[in-house]
Amino acid sequence: MNVYILSSAEQVAKNCAMLISSQLISKPDSVFGLATGSSPVRCYEYLAQWYKEGLLDFSRATSFNLDEYIGLDAQHEQSYRYFMQEKLFKFINLKQSFLPNGVAENLEEECKRYDDLLASYGGADLQLLGIGRNAHIAFNEPSDVFSAGTRVVDLTQSTINANKRFFESADMVPKKAITMGIGTIMSAKKIVLIATGLDKAEAIKKTIDGDIDPKFPSSILKLHKDTTLLIDREAATLL
């Protein structure tokens with residue numbers, strides 16, 4: 001695990017964008033695992049800017065997102081498909097982008113389909129992750145075991161509370177989601193995790209210094225052969 005403590009959230013975003021750009025330039029047909037939430041937004045702005053300046057070409061690349069809310073179709077303003085469209089996809093020339101179908105008739109089949117589709121592309125070359133305050137990655141919450149493949153999950157109250165700022169009220173936040181499992185995430189060739197702010201300090205400490213424990217899902221990343229953590233000084237406070 002390579003850990004880089006950077007001076008600010010801005011530097012975390014810029015360095016994250018540089019790692020993604022380097023992967024794209026070295027392998028134009030790269031498969032990227034992408035994340036939603038507030039953490040990657042500034043990184044996506046850099047990628048869009050560099051594409052606009054003619055520095056990047058996403059036309060041969062493919063993306064797979066980590067998760068999607070159940071019950072929200074792609075046009076819903078709070079769906080992750082809509083988020084990705086508004087924050088990144090509409091600004092670049094990415095031709096192929098995949099997210100789980102949150103309104104699939106058979107959700108279990110959709111989970112298997114999504115894993116099989118990712119595997120058919122050879123898995124992610126680079127997987128981008130954020131991290132929750134309780135050390136969850138994607139929607140893999142603290143548990144007694146590490147999850148394997150893509151699956152349906154019940155969102156914890158803490159995750160619902162964290163996400164309610166995007167909705168008119170907490171009651172409107174979906175209670176379930178489809179998420180890549182830990183096994184699917186760990187199959188990526190490279191993993192980049194970004195974290196900023198004091199509220200992520202405890203989770204980062206558990207990720208780096210704690211035991212490998214499914215109660216702290218991100219701790220599994222210590223077993224991955226090529227993981228990079230980009231964190232700011234505040235997130236590194238407890239190290």
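I call a residue buried under 20% relative accessible area, exposed over 50% and partly exposed in between, with a 1.4 Å probe and protein chains only. The model is predicted, so I took local features at pLDDT of at least 70 and side-chain atom pairs at pLDDT 80 or more, while totals for chains, interfaces and linings use all residues. Residues are numbered from 1 along each chain as its sequence is written, and side-chain values use heavy atoms, without hydrogens and water.

Entry one: ring pairs. I counted rings of Phe, Tyr and Trp (its six-membered ring) as a pair if their centres lie within 6.5 Å; planes under 30 degrees apart are stacked, over 60 edge-to-face, and the rest tilted. My search of the whole structure found eight aromatic pairs. Tyr69 and Tyr80 make a tilted pair, because their planes stand at 35 degrees, with ring centres 4.8 Å apart. Tyr69 belongs to strand β4 (residues 67-69) and Tyr80 to helix α3 (residues 80-87), 11 residues apart. I took helices (H or I, at least four residues) and strands (E, at least two) as DSSP runs, numbered from the N terminus.

Entry two: burial. Tyr69 has 1% relative accessibility and so counts as buried. Tyr80 is buried too, at 10%.

Phe139 lies in the loop between β6 (126-129) and β7 (151-154), so its pair with Tyr80 of helix α3 ties together parts 59 residues apart in sequence. Phe139 is buried, at 5%.

Entry four: a cluster. Ring pairs link Phe64, Phe98, Tyr114 and Tyr121.
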